[in-house]
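Biologist: I am new to this structure. Could you take me through a few of its residues?

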Amino acid sequence: MRSLFIKEISSFFSNLTGYLVIGVFMLLNSLFMWIVPGQFNVIANGYATLDSLFSISPWVFLFLVPAISMRMISEERRTGTLDLLYTRPVTELQIILAKFLASWALVLLSLLPTLIYFWSVSRLGSPPGNMDMGGTWGSYIGLLFLGGIYAAIGIFASSLTGNQIVAFIVAVFLSFLLYLGFDFLSGVAESGRIEFLVSRMGISYHYNSISRGVIDSRDILYFAGVMLLFIAGTQTVLQSSKWQSRMTRRGLKMKNLTYLGLALVLVILLGFLAEMKFFRIDLTSEKKHTLSQSSRQLLKELDDVVYVKIYLDGDLPAEFVNFRKSVRELMDEFRAYGGDKLQYEFINLYDEADETIRNRTIGDLYERGLNVTNIQVRDGEGGSSARIIFPGAMASYGEVEMPVNLLKNNPSLSHELNLNNSIQTLEYEFARAIHSLTLEEVPKIAFIEGHGELDSLQTHSLMDELKNFFQVDRGYIQGNVEVLLNYEALIVARPMQTYSEADKFALDQYIMQGGKVLFFLDPVNPFADSLSGGTTVALANAVGLEDMLFTYGIRINYNLLSDLQCNYVPVNTAPAGQQAEFTMLPWVYYPLLAGLTTHPVTRGLNYVLSQFASSLDTVSGGGEVSKTVLLATSPASRKRDVPLYISMEEVTVEPDPALYQSSQLPVGVLLEGKFVSFYKNYPVPEGVTPADWKPIHQGESTSLFVLSDGDIPANEVQFDQGAFRAQPLGYDPYTRQTFGNSEFIMNVVNYMCDETGIIELRSREFKLRLLNKEMIGQKQQLLKWKLLNTLLPLLLVLVAGVAIQAVRKRRYAL
């Protein structure tokens, strides 16, 4: 076998054809990756990755590998040297394996010059070397296995005929059929299960899986099985040439067909066994393709099909192409554990030629809860046009569906960072949606009323979002402890009237039994409506909950916070008597709050817009309670005690930075642990029901959240077409920005109510790997790297060819 192996390698490089084949392979890759504009262009994509190589190579391999393997057996048959080989002390299977391994080795040799791309992208990274090395090597392994399958197919095709051209055409056809043919067949399948099973029979499914840098035992067994099958088929074809007499022909035919059938049965059996027990090795640096235990368990326990429609297809900017790729990879990861119970498709809204129908669909998706964004798409003439896309998905389970918005948009961050933050939370967004869709019993949450809290119109946006995960009710406490125990969590949204002792007692006992409560309080009432007249006065607004919260570990401060990091408001800057002219100016009483970058609630979160917020202090309190500040002011903020006169004239005066020396003043605090009852040393108040309630003085483990700005959960309400309409929570109509109010509150609620650990997925961190914009932005530098990656691989092939020929000439000359 070794002699045959070396002979095939040597003969491939003994003529010009071998060098031309590898040279054309390198030239095609270089052109698409470095010269030709498009989605495969490394420079245009801007990311330090070789994804383009691993996307192009399967198509180039369709022609490269058959060109390498087409002569392996067909040439032997044409010249009659195959019969001569049979006289040597080598079996037929050894002959086939030697030629197969030689073809596979030649594929490996043809990949070696691509290491120049690897080095170049690594050097162009920001900083140099900022490249996922493990994931890249894993992708190379996938490419090598793909070459192995194509080599096995090429050997089989070469055994069918003595004509190399025919062998080449047959190999290309069979390779294409196995690579994409099953995908085409799965597209016409009537059921999702059949579609899933058919697609898994194709090469592309397994190559796409392993080319991400994930070594899956099922993919390895698939590649090995297909190679084994074609090697067995090759042996059967060669054996058929020995069928001479009728009896001998019949016996040998049955023997070889049995052998081929056993090989097929073995491959199928291996496939079934692989599905029952498999392992996965994620070679990527951040283990980005490794699902959490909670996600894996969630997918394995699916009873019915979850169908996901992702509206992120078609012509997209380079950064969104990378985003789409990440979504597709996550869906493939989900299918690895969910099997045929997880179905997905990518939809391009612009495939619909009828603009009326397309606009109707876009409006329908918006009404169903998907957020819209505008992108610029380049046309074929070098221009660009604006398009509306929905970077999200609709997930459905049975008759229930849920919008899944995937794009995080923090105006203070670059679009690359925003997209990277979005990629980091993909698993969380989809896992949370699937978990909610598949719940047999929907948990309940309630808004407390009866104390001047925000009404249903003011909290309409938040309630709509909560309804995707909870049954949302509203109601009065009326001192009834038992009625509160039916709810997973309670929301106290900006009360303006004093709580009775009976209602406070009911809340306290609800907390003692493990209930969760979110308090959104306004410690100071600025009478904001009076500002339209130019001046108002801010007064303390005690609602009777302050002493109870102090016992739990939070002190409410009666002050107003002003911050240089703030939102803008429109101000009439025209001189008196002239037509109004509004200018957007910073209003320090509207701080933009930020949270911890390491906590799952606030990680990657946009600023939270507040209005007339107050500060909080943490105190020792009673019980075993941990306290985490989730929202705070910027390093340039200030506390102002009340009563305080506020005038809109302040907005026209530039703030004095010397007065804004306070830093990170707490506004939102999460408390977790076992609380001591506020009524531990007090009798049961009058009005509590049931009347024989026995007070609980030491609570179970639970969590509370206190926020000293009751406006944060309140959406704007506008009067439009004769009716009041709620605006999205966090949307500012003046700056036309949507802040992170809704996402923040949803994260807090999900964190407090999460028993599966899904919320922890928001803590995942993927390193942003970009190319150095300064280096690729300079024409001379750019030209250097393009020439280097286009000409150097060809030069290496040429030098290798000259060296090999020189060695051969010297050897045979002796």
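Modeller: The side chain of R432 makes a polar contact with the side chain of E429, at 3.0 Å. A polar contact is a pair of N or O atoms within 3.5 Å; within protein, one must be able to donate a hydrogen and the other to accept it, and residues adjacent in sequence count only if both atoms are side-chain atoms. This is a predicted model: local features need pLDDT of at least 70, side-chain atom pairs count only at pLDDT 80 or more, and totals for chains, interfaces and linings use all residues. Residues are numbered from 1 along each chain as its sequence is written, and side-chain values use heavy atoms, with hydrogens and water left out.

Biologist: Is R432 buried or exposed?

Modeller: Buried means under 20% relative accessible area, exposed over 50%, and partly exposed in between (1.4 Å probe, protein chains only). R432 has a relative accessible area of 13%, so R432 is buried.

Biologist: Which residues is R432 in contact with, leaving aside its neighbours within four places in sequence?

Modeller: Contact means heavy atoms within 4.5 Å. With those neighbours left aside, R432 is in contact with F469, M746, N750 and I758.

Biologist: How does L794 count in terms of accessibility, and what is its relative accessibility?

Modeller: Leaving aside its neighbours within four places in sequence, L794 is in contact with G23, M26 and L27. L794 counts as partly exposed because its relative accessibility is 28%.

Biologist: What distance separates the C-alpha atoms of L794 and K680?

Modeller: Along the chain, L794 and K680 are 114 residues apart. Their C-alpha atoms are separated by 83 Å.
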